[in-house]
Amino acid sequence: MYLHLGNEVTAKDDDIIGIFDLDTSTVTRPTNTFLTKMQKENHVVNVSMEHLPKSFVLAGKPAHSMREGRKAAREARRDTKVYISPLASSTLKKRAEKAEFED
C-alpha cells in the first residue's frame, strides 16, 4: 500500500521508517543536524509547497548495523528520502495504521 503525504505525493508504506512532528522533533540538535545533512545531499522532498509544513516522513531502507560500517550506512542513506508534509503527524499515523489494517 501507499501512504498519501500531501499534494499528490505518496510513499510506499513498507519503506516508511518514521513519521515525525516538526514542532517537537526539530528542537533537538541531532534532528536538525540530520535534516540539514539530508538537505545538502538532496534527499529532501518538500511536499508542503505553499502550505505550512507540519511533519516529516523518513522513508527508505532501514539503516544497517554499526558492524557493517560507514560505507553500508552511506549506501542505505543514498536511497533514503525525507518528505516535508503539510499534514499533521497524527493524520499520517492514522492513515498508515488504516492502510496496515486493510492489508
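Colleague: Hi! I'm new to this one. How does Phe20 count, buried or exposed or partly exposed?
Modeller: Welcome! This is a predicted model, and in it Phe20 counts as partly exposed, at 32% relative accessibility.

Colleague: Thanks. And Phe56, buried or exposed?
Modeller: Phe56 is buried, with a relative accessible area of 3%. That value is under the 20% cut-off.

Colleague: How many aromatic pairs does the structure hold?
Modeller: It holds one aromatic pair. The partners are Phe20 and Phe56, with ring centres 4.8 Å apart and planes at 20 degrees, so the pair is stacked.

Colleague: Why stacked?
Modeller: Because planes under 30 degrees apart count as stacked, and the planes of Phe20 and Phe56 are at 20 degrees.

Colleague: Where do the two residues sit in the chain?
Modeller: Phe20 is in strand 3 and Phe56 is in strand 5, 36 residues apart, so the pair links distant parts of the chain.

Colleague: OK, new topic. How do strand 3 and strand 5 pair?
Modeller: In the antiparallel sense, over five bridges, with strand 5 covering residues 55–59. As one example, Ile16 has Ala59 in strand 5 as its bridge partner.

Colleague: What sheet do the four strands form?
Modeller: An open sheet with mixed pairing, and the strand order is 3-5-6-4. At the edges are strand 3 (16–21) and strand 4 (44–46), each pairing on one side only.

Colleague: By how many degrees are neighbouring strands turned against each other?
Modeller: On average by 20 degrees, with direction ignored.

Definitions and conventions:
Residues are numbered from 1 along each chain as its sequence is written. This is a predicted model: local features need pLDDT of at least 70, side-chain atom pairs count only at pLDDT 80 or more; totals for chains, interfaces and linings use all residues. Side-chain values use heavy atoms; hydrogens and water are left out. Two strands pair if DSSP finds at least two bridges between them. Axes are lines fitted to C-alpha atoms, for helices over the stretch in contact, and angles run from 0 to 180 degrees between N-to-C directions. Rings of Phe, Tyr and Trp (its six-membered ring) pair if their centres lie within 6.5 Å; planes under 30 degrees apart count as stacked, over 60 as edge-to-face and the rest as tilted. Buried means under 20% relative accessible area, exposed over 50%, partly exposed in between (1.4 Å probe, protein chains only).
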